[in-house]
Amino acid sequence: MDLKEQVAQLEKKLDTLNNKQALFARQRSLSRSSKRMATLVSRDAAKAERLKVGLIKRKIRFKEIKSQSLAAVIIGRTAIPAIYVGVARTQVKRKNGSFLTSSAVRDRKGRFAKREHSGNTAIRVGRHKFENAFLQQLASGRWHIMQRKSDSRYPIDLAKIPISGSVTSAASKHSRYIIEDYLPNLLIKDLQYRINKLSK
């Protein structure tokens with residue numbers, strides 16, 4: 001007898017004893033499986049992006065679908081602002097003991113173009129390096145690392161580390177284990193415990 005058949009039989013037996021307990025067992029098993037999935041995904045994504053596990057884990061959220069299918073989807077895979085990674089260290093490029101700097105130039109449309117070199121040419125946080133970046137206090141009062149990314153009209157943006165690809169890849173890797181092994185075994189144990197408790 002496979003895991004799905006065991007789950008179906010136990011649920012039917014518990015349902016005859018107490019319908020609310022059967023439903024609660026399903027929801028509790030799904031919640032615990034989601035937390036386990038979040039841990040596995042966070043570890044893999046943190047390793048791939050060279051970040052701390054905690055930074056990834058607090059970005060991952062699971063939305064449970066209230067249906068008979070026991071489903072949950074991953075949401076909140078937003079990029080992590082660079083300032084949260086660690087202490088920001090400014091790196092200045094030098095050549096022959098002097099700073100490498102470039103004067104401001106304008107492009108064909110008369111707009112200021114990105115400088116080849118500036119006084120503070122890069123900022124490093126943890127194992128990540130952001131070229132043409134600088135620290136700035138925003139209107140909210142928070143400090144962030146800003147980065148000049150292009151020569152467009154609004155070239156300055158918040159320096160961030162994207163994690164969506166790593167999270168999606170890790171979720172695809174671990175989802176089969178969670179769905180086919182971890183969740184059914186967890187549910188079987190929970191159902192058996194409740195059946196024994198109610199039978200007594």
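1. Two strands pair if DSSP finds at least two bridges between them. Strand 7 (residues 122-125) and strand 8 (residues 128-131) meet that rule, with 4 bridges in the antiparallel sense. The two strands form a hairpin, with 2 residues between them. Glycine 126 lies in the turn and has a positive phi of about 60°.

2. The model is predicted, and confidence is the next thing to look at. Mean pLDDT for the chain is 79. Residues at 70 or more make up 75% of the chain. Confidence is lowest in strand 6 (residues 98-99), where the mean is 56. It is highest in strand 12 (residues 160-161), at 92.

3. Overall content comes next. The chain has 4 helices and 12 strands. It holds 200 residues, and 33% of them count as buried. Among contacts with a separation of 6 or more, 58% are between residues 24 or more positions apart.

4. Which order do the strands of the open sheet take? The order is 9-10-11, with antiparallel pairing among these 3 strands. Strand 9 (133-137) and strand 11 (156-158) are the edge strands, since each pairs on one side only. From one strand to the next, the twist averages 40°.

5. Strand 9 and strand 10 deserve a separate point. How many bridges pair them? There are 5, and the sense is antiparallel. Phenylalanine 134 stands opposite methionine 146, a residue of strand 10. These two strands also form a hairpin, here with 5 residues between them. Glycine 141 sits in that turn, with a positive phi of about 95°.

6. Arginine 148 has isoleucine 156, in strand 11, as its bridge partner.

7. Histidine 174 belongs to helix 4 (residues 164-199). Is this side chain's residue, histidine 174, buried or exposed? Its relative accessibility is 12%, so histidine 174 counts as buried; the cut-off is under 20%. Leaving aside neighbours within four places in sequence, histidine 174 is in contact with Met37, Leu40, Val41 and Asp44.

8. Tyrosine 177 and tyrosine 182 have ring centres 6.1 Å apart and planes at 50°, so the pair is tilted. Why tilted? Planes under 30 degrees apart would count as stacked and those over 60 as edge-to-face, and the rest are tilted; the angle here is 50°. Tyrosine 177 is partly exposed, at 36% relative accessibility. Tyrosine 182 is partly exposed too, with a relative accessible area of 22%.

9. The charged end of arginine 58 sits over the ring of tyrosine 84. It is 5.6 Å from the ring centre.

10. Leucine 23 is part of helix 2 (residues 19-49). At 44% relative accessibility, leucine 23 counts as partly exposed. Glutamate 11 is 12 residues away in sequence. Between leucine 23 and glutamate 11, the C-alpha to C-alpha distance is 8.8 Å.

11. Glycine 54 lies in helix 3 (residues 53-57). Glycine 54 counts as partly exposed, with 44% relative accessibility. Serine 42 is 12 residues apart from glycine 54 along the chain. Their C-alpha atoms are separated by 7.7 Å.

Note on methods: Residues are numbered from 1 along each chain as its sequence is written. This is a predicted model: local features need pLDDT of at least 70, side-chain atom pairs count only at pLDDT 80 or more; totals for chains, interfaces and linings use all residues. Side-chain values use heavy atoms; hydrogens and water are left out. Axes are lines fitted to C-alpha atoms, for helices over the stretch in contact, and angles run from 0 to 180 degrees between N-to-C directions. pLDDT is the predictor's confidence in each residue, from 0 to 100. Buried means under 20% relative accessible area, exposed over 50%, partly exposed in between (1.4 Å probe, protein chains only). Contact means heavy atoms within 4.5 Å. Rings of Phe, Tyr and Trp (its six-membered ring) pair if their centres lie within 6.5 Å; planes under 30 degrees apart count as stacked, over 60 as edge-to-face and the rest as tilted. A charge sits over a ring if NZ of Lys or CZ of Arg is within 6 Å of the ring centre and within 35 degrees of the ring normal.
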